[in-house]
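User: Could you walk me through a few local features of this model?

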Amino acid sequence: MTTFYAHRGASTMCPENTMAAFRQALREKADGIEIDVQLSKDGEAVVIHDETIDRTTNGTGAVKDMTVLELKQLDAGSWYNQACEDEKIPLLEEVLKWIAGTDLKLNIELKTDHEPYPGIEQVVIDAIKRHDLRERVVLSSFNLDTLRRVRDISQSVSIAVLVWDNVDGIVKCARHLGADAIHARPGFMHTAESLRAEAAGLPIRLYTVNAPEDLKGIAPGFVDAVFTDSPARLREALGVEDVRVHVGDGG
């Protein structure tokens with residue numbers, strides 16, 4: 001187990017899905033970051049987990065009903081800590097530009113399991129191409145139709161199937177989609193599907209792992225990566241040293 005993705009950035013130390021959390025992930029020597037993307041009213045890809053802005057900003061309402069200008073006026077940090085009140089909802093473009101100045105991997109979850117966001121696949125893939133980051137980016141989703149559309153648009157972009165507890169047949173489905181990995185909760189490793197994934201050569205990445213106990217009974221060699229809220233803390237708890245050299249701090 002060598003790859004540590006910071007889940008929504010280093011979200012233990014900073015407000016999730018903000019540039020502060022992403023920069024903290026780099027400081028904590030994460031191998032990559034995981035972000036969530038939705039579409040604004042004017043069709044821009046914005047980085048926020050929920051379909052509404054209520055939980056993580058000082059506003060209320062649906063992301064899809066607000067323009068980028070309106071979203072950018074929100075305070076996306078005070079809910080976590082008053083010292084973070086200057087944090088804003090990032091555009092995907094901002095994150096990609098920053099990532100390009102580092103050696104971090106990037107997992108983009110397309111949040112279409114509740115809101116369809118027509119056209120989101122093309123918007124995100126076009127942005128990835130503009131920043132020449134296809135080799136470092138994975139697109140994941142719970143929505144299999146979204147992943148089909150991604151694959152129809154691009155054969156080269158890496159995709160991963162996100163799965164909850166109901167996993168029967170997910171390996172067969174992933175192979176049919178041309179997926180490159182399965183992202184699952186730790187319990188997946190105790191199912192027959194995990195063995196089928198291994199036999200099919202599908203890497204398994206586990207979320208959200210914050211303590212060694214989350215991996216109890218799981219052989220590290222079977223796990224390609226973990227998503228964690230605190231990369232530094234999990235590395236230390238697992239006794240895993242970082243030997244990577246970062247290109248830079250991304251500004």
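Analyst: What follows covers a helix pair, the cysteines and some backbone details. This is a predicted model, in which local features need pLDDT of at least 70 and side-chain atom pairs count only at pLDDT 80 or more, while totals for chains, interfaces and linings use all residues. Residues are numbered from 1 along each chain as its sequence is written, and side-chain values use heavy atoms, with hydrogens and water left out.

User: At what angle do α4 and α5 pack?

Analyst: Helix α4 (residues 120-130) and helix α5 (residues 144-153) pack at about 50°, and their axes are 9 Å apart; the axes are lines fitted to C-alpha atoms over the stretch in contact, with angles running from 0 to 180 degrees between N-to-C directions. Helices here are DSSP runs (H or I, at least four residues), strands likewise (E, at least two), numbered from the N terminus.

User: And which residues of α4 and α5 meet?

Analyst: Glu121, Gln122 and Ile125 of α4 meet Thr146, Arg149, Val150 and Ile153 of α5, where contact means heavy atoms within 4.5 Å.

User: Switching topic, how many disulfides does the structure hold?

Analyst: The structure holds zero disulfides, a disulfide being a pair of cysteine sulfur atoms within 2.5 Å. For cysteine 14, the nearest cysteine sulfur belongs to cysteine 84 and is 5.9 Å away.

User: Is cysteine 14 buried or exposed?

Analyst: Cysteine 14 counts as buried, at 10% relative accessibility; buried means under 20% relative accessible area, exposed over 50%, and partly exposed in between, using a 1.4 Å probe and protein chains only.

User: What is the phi of aspartate 132?

Analyst: Aspartate 132 has a positive phi of about 55°, although it is not a glycine, and this residue sits in the loop between α4 and β5 (137-141). Aspartate 132 counts as exposed, at 62% relative accessibility.
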